[in-house]
Amino acid sequence: VLYACQYELSINVFSVFNCPQENYSGRHYMQSLPYVECSLDDSSWTWMLGLAVPSLAIYTVGITVLIALILYRRSRTHAHNGSDSGDDASDSSTVCGGVWDAETEAFGFLWEGYRGEVFAFEVVWIARKLFLAAALAVIPEASSFHAPSILSLLALSVAVQYWLHPFEL
């Protein structure tokens, strides 16, 4: 559930920091909630900031680090057991040279579908989603950097995918 909601929640966390300056008064207001001033004097924004900073650290970054650690642990088990493929399709009781266990049952979706050499490609996918969330939430739509930054990120993502060919055929 946390994995599935990470992108949407990351956009909401990043939106707290999107505070363009209003032309008339020179004050900064949230793009997503234009009646909330981005000032420590505004209790609503201070409250949101107090939730956004730990959420950014724990949830947005924390989930990514947790997934990277799970994949790292799997790679160590994979290398130790000498298996050369991520999943043995002919026998569903063996995975990574070992027994189908609770960890594989719970987290197997992270590496299923990827070639054995690049099974950790999911971390690249998560990083792409987080950078997209940050770009969409922080860079104002009226900015001349909005579209080029998003298109550049997507082009880089396609290039990395083309270069690594991460998916099993």
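This section describes the fold, helices, pockets and selected residues of a predicted model.

The secondary structure of the protein comprises 5 helices and 2 strands. Along the sequence these elements follow the order α-α-β-β-α-α-α. Of the 169 residues of the protein, 31% are classed as buried. Among contacts with a separation of 6 or more, 53% are accounted for by residues 24 or more positions apart.

Helix α1 covers residues 2–15. A kink of about 35° is present in α1, with its centre on E8. The buried residues in α1 are Q6, S10, I11, V13, F14 and S15.

Helix α4 was treated in the same manner. Its 18 residues, 121–138, should span 26 Å at 1.5 Å a residue, and the end C-alpha atoms are 26 Å apart, in agreement with that expectation. Buried positions in α4 are F121, E122, W125, I126, L130, L132, A133, A135 and A137.

Helix α2 spans residues 43–81 and includes I63. The relative accessibility of I63 is 11%; because buried means under 20%, I63 counts as buried. Leaving aside residues up to four places away in sequence, I63 touches L2, Q6 and I58. Of these, Q6 is itself one of the buried residues of α1. The C-alpha atoms of I63 and Y3 are separated by 7.3 Å, although the two residues are 60 residues apart along the chain.

Pockets were examined next. The largest pocket has a volume of about 240 Å³. Its lining consists of 13 residues, and those that lie nearest the centre are L9, N12, V13, V16 and A52. One of these, V13, is also among the buried residues of α1. Both α1 and α2 supply at least two residues each to the lining of the largest pocket. The largest share of that lining, 5 residues, is contributed by α2. By class, the lining of the largest pocket contains 9 nonpolar residues, 4 polar residues and no charged residues.

The second largest pocket has a volume of about 150 Å³. It is lined by 10 residues, with L2, Y3, L66, I67 and F107 lying nearest its centre. Two or more residues of this lining are given by each of α1 and α2. In the second largest pocket, α2 provides the largest share of the lining, at 4 residues. The lining of the second largest pocket has 10 nonpolar residues, with no polar and no charged residues. L2, which lies among the residues nearest the centre of this pocket, is also a contact of I63.

Towards the end of the description, H165 is considered. H165 lies in the segment after α5, a helix of residues 146–164. The phi angle of H165 is near 45°, a positive value in a residue other than glycine.

Notes. Residues are numbered from 1 along each chain as its sequence is written. This is a predicted model: local features need pLDDT of at least 70, side-chain atom pairs count only at pLDDT 80 or more; totals for chains, interfaces and linings use all residues. Side-chain values use heavy atoms; hydrogens and water are left out. The expected span of a helix is 1.5 Å times one less than its number of residues. Buried means under 20% relative accessible area, exposed over 50%, partly exposed in between (1.4 Å probe, protein chains only). Contact means heavy atoms within 4.5 Å. On a 1 Å grid over the protein atoms alone, a cavity is a set of points where a 1.4 Å probe fits but cannot get out, and a pocket is an open set with protein on both sides within 12 Å along at least five of seven lines; lining residues have an atom within 4 Å of a point. Grid points are joined across faces, edges and corners, and a volume is the space filled by probe spheres set on the points. Ala, Val, Leu, Ile, Met, Phe, Trp, Tyr, Cys and Pro count as nonpolar, Asp, Glu, Lys and Arg as charged, and the others, Gly among them, as polar. The bend at a residue is the angle between axes fitted to the seven residues ending there and the seven starting there.
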